[in-house]
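Trainee: I have the chain open on my screen. Can we work through how its parts pack together?
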Amino acid sequence: MTTPPEEGEAVTGGEAVVRALASHGVTDAFGIPGTHNLEIYRHLRAYGVSHVTPRHEQGAGYAADAYARVSGRPGVAITTTGPALLNIAAAVGQAHSDSVPLLVVSPGMPLRHPRQSTGLLHEMRSQTEALRGVAAFSHRVSSVEEIGSAVARAFTLFRTGRPRPVHIEVPLDLLETVEPAGPVRRAPLTGPPAPDPAAVGKAAEALRAARRPALVLGGGARAAAAECAALAGELGAPAVTTANGKGVMDERHPLSLGVSLHSPAVQKWLVDRDVVLAVGTELAESDLWGPPPALTGTLIRVDVDPAQMYAGLPADVPLVGDARALLRALLAECRGRTDGVPADPDGVRALRAARDDETRTRDARWLPYLEAVRRVLAEDAVLTSDSAQCCYYGALPHLPLGPEGRYLHPTGFGTLGYALPAAIGAKTACPGRQVVALSGDGGLQFSVQELATAAQLRLPLPVVVFDNGGYGEIREEMAARGDTPLAVDLPAVDLPALARAYGGRGAVVRSPEELADALALALTAPGPTVLTVPEVPEVPEESPR
């Protein structure tokens, strides 16, 4: 590692970028070098920043996103100008919708580049305007010294507010310019605001008096998993999670309803609750699969983002701040002093049964295979997911996880091609944990080239693909409309052979037992292993929405 420059010492803009990242503890980055960003790459090794080279910038973004989700540290991606930055924009949009701290660094047009087009390589009208549409902000710096401040601004957002992706643009000539670096700028070690005692008291009063309480747990509750379980037990309150909240409360817990916020039976039950405590969730259409239900009870919302108190379902009692701190304060107020009814595990079991009855015919095709996956995996395994039927109908509601495990799903933006590059990012962050990607044949082919990345890194990475011959969800939606399906049936691809061509392994598995055996082997074999489960395309009677 290099010795950091002294205050006032002159460095290039590229070194200033890497220096600022390293000063915030960045040890890994994802990206692809290009003509305009080489001065950044020149300094990565010297500052102890390891680098993973995906085969597409969108893959770099998804990998950095997953790295952030499982490590708790911001993910960093480096692109070059123009098309490379637009390639990563979909991943930035996904990170924004799922509240992921992702930092994208790119060059931009030179400082004094004229507004009129000159035909410079990768020239576009405005990179910052393009990225502002999907990121929390896009910051174009104008001096070497400003680079440190821009990076510190990004990390301040990551630490103190709702985490969102950020783009920092450094003019390509500034990357090569030598100027004083200025002092090392570091984001302050501060957090969200402290709980408001009056608001906590009002929420606790409602919870103590509740006769039919419920918890709704989102991704913002993840750091407060123990507190969520303790409060559910104290109140006798069943808990339902969003997709991003999967596993926050152990899905085998007697009071857990798992990921079933989209279930009509669960929504009807939720409407009848006299107090609903929603922690770290937007209560969004992407979780509910429709408009939010009109709750009849008191809604208490816990969120680090004050704006969420008025979005979707407005809070009757808003609690703004860190979920763990707020739930600990509620526990202190409620412990041993609740007037609510005891927990009713039988009622929860009946509600689970009603939920499962709604989709039993549709989901039956995946259940034996998902049970086989669960048998093989360790408790702290990480599963990455695609926007595929086998994932949102299958694994999200039917593959149980506890707080030690993680399930990474592209929820709000609903992008395709997330699972494979996300698995690479998760494995980079946590090399000692099992990581498995779940996908469909349509979604996998959005980023299938990342098999080469996993093979190059020799990552033991199973990729389980449920092959229904194309875009199964859209095929079924067309049929439900009475349309003749068009452009949704794809020619068969020998995905295991493709994996072997990239340097990995592959097999077709035709039974849950075959999947379990092949998955166990793939978890220890160096490089990716594609395991294809053939499905017969069908149009079930139920409409997915």
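This is a predicted model: local features need pLDDT of at least 70, side-chain atom pairs count only at pLDDT 80 or more; totals for chains, interfaces and linings use all residues.

Trainee: Which residues in H12 does H8 meet?
Mentor: H8 spans residues 197–209 and H12 spans residues 323–334. From H8 come Val200, Ala203, Ala204, Leu207 and Arg208. Their partners in H12 are Leu326, Ala329, Leu330, Glu333 and Cys334.

Trainee: How many nonpolar residues does the contact of H8 with H12 have?
Mentor: Sort the contact by class. Two residues are charged and none is polar. The nonpolar residues number eight.

Trainee: Are H8 and H12 oblique or roughly parallel?
Mentor: Two packed helices are described by the angle between their axes and the distance between the axes. Here the axes are 9 Å apart, at an angle of about 55°. Roughly parallel needs an angle under 35 degrees. H8 and H12 are therefore oblique.

Trainee: Now H15 and H22. Are they roughly parallel or oblique?
Mentor: H15 covers residues 367–376, and H22 covers 512–522. They pack at about 30°, with axes 9 Å apart. The cut-off is 35 degrees, so H15 and H22 are roughly parallel.

Trainee: Is the crossing of H15 and H22 right-handed or left-handed?
Mentor: Find where they touch. Pro368, Tyr369, Ala372, Val373, Arg375 and Val376 in H15 meet Pro512, Leu515, Ala516, Leu519 and Ala520 in H22. That contact has ten nonpolar residues and one charged. The crossing there is right-handed.

Trainee: Which residues of H15 are buried?
Mentor: Look at what surrounds H15. Its buried residues pack against strand E15, helix H16, strand E18, helix H22 and strand E20. Those buried residues are Tyr369, Leu370, Ala372, Val373 and Arg374.

Trainee: How many residues has the largest nonpolar core?
Mentor: In soluble globular proteins, nonpolar side chains tend to be buried together. In this model, Leu217, Leu277, Ile300, Leu319 and Leu330 have the most contacts inside the largest core. A second, separate core has 46 residues, including Val382 and Leu495. The largest has 51 residues.

Trainee: Is Pro254 partly exposed or buried?
Mentor: Pro254 is in the loop between strand E10 and strand E11. Buried would need under 20% relative accessible area. At 43%, Pro254 counts as partly exposed.

Trainee: What is the phi of Ala487?
Mentor: Most residues other than glycine have a negative phi. Ala487 has a positive one. Its place is in the loop between helix H20 and helix H21.

Trainee: Where does Trp289 lie?
Mentor: Trp289 is not a glycine, yet its phi is positive, about 60°. Check the elements on either side. Trp289 lies in the loop between helix H11 and strand E13.

Definitions and conventions
Residues are numbered from 1 along each chain as its sequence is written. Side-chain values use heavy atoms; hydrogens and water are left out. Axes are lines fitted to C-alpha atoms, for helices over the stretch in contact, and angles run from 0 to 180 degrees between N-to-C directions. Helices (H or I, at least four residues) and strands (E, at least two) are DSSP runs, numbered from the N terminus. Angles under 35 degrees count as roughly parallel, over 145 as roughly antiparallel, 65 to 115 as roughly perpendicular and the rest as oblique. Contact means heavy atoms within 4.5 Å. Ala, Val, Leu, Ile, Met, Phe, Trp, Tyr, Cys and Pro count as nonpolar, Asp, Glu, Lys and Arg as charged, and the others, Gly among them, as polar. Buried means under 20% relative accessible area, exposed over 50%, partly exposed in between (1.4 Å probe, protein chains only). A nonpolar core is a set of buried Ala, Val, Leu, Ile, Met, Phe, Trp, Tyr and Cys residues joined through side-chain atoms within 4.5 Å. A crossing is left-handed if the near helix is turned anticlockwise from the far one by less than a right angle, and right-handed if clockwise.
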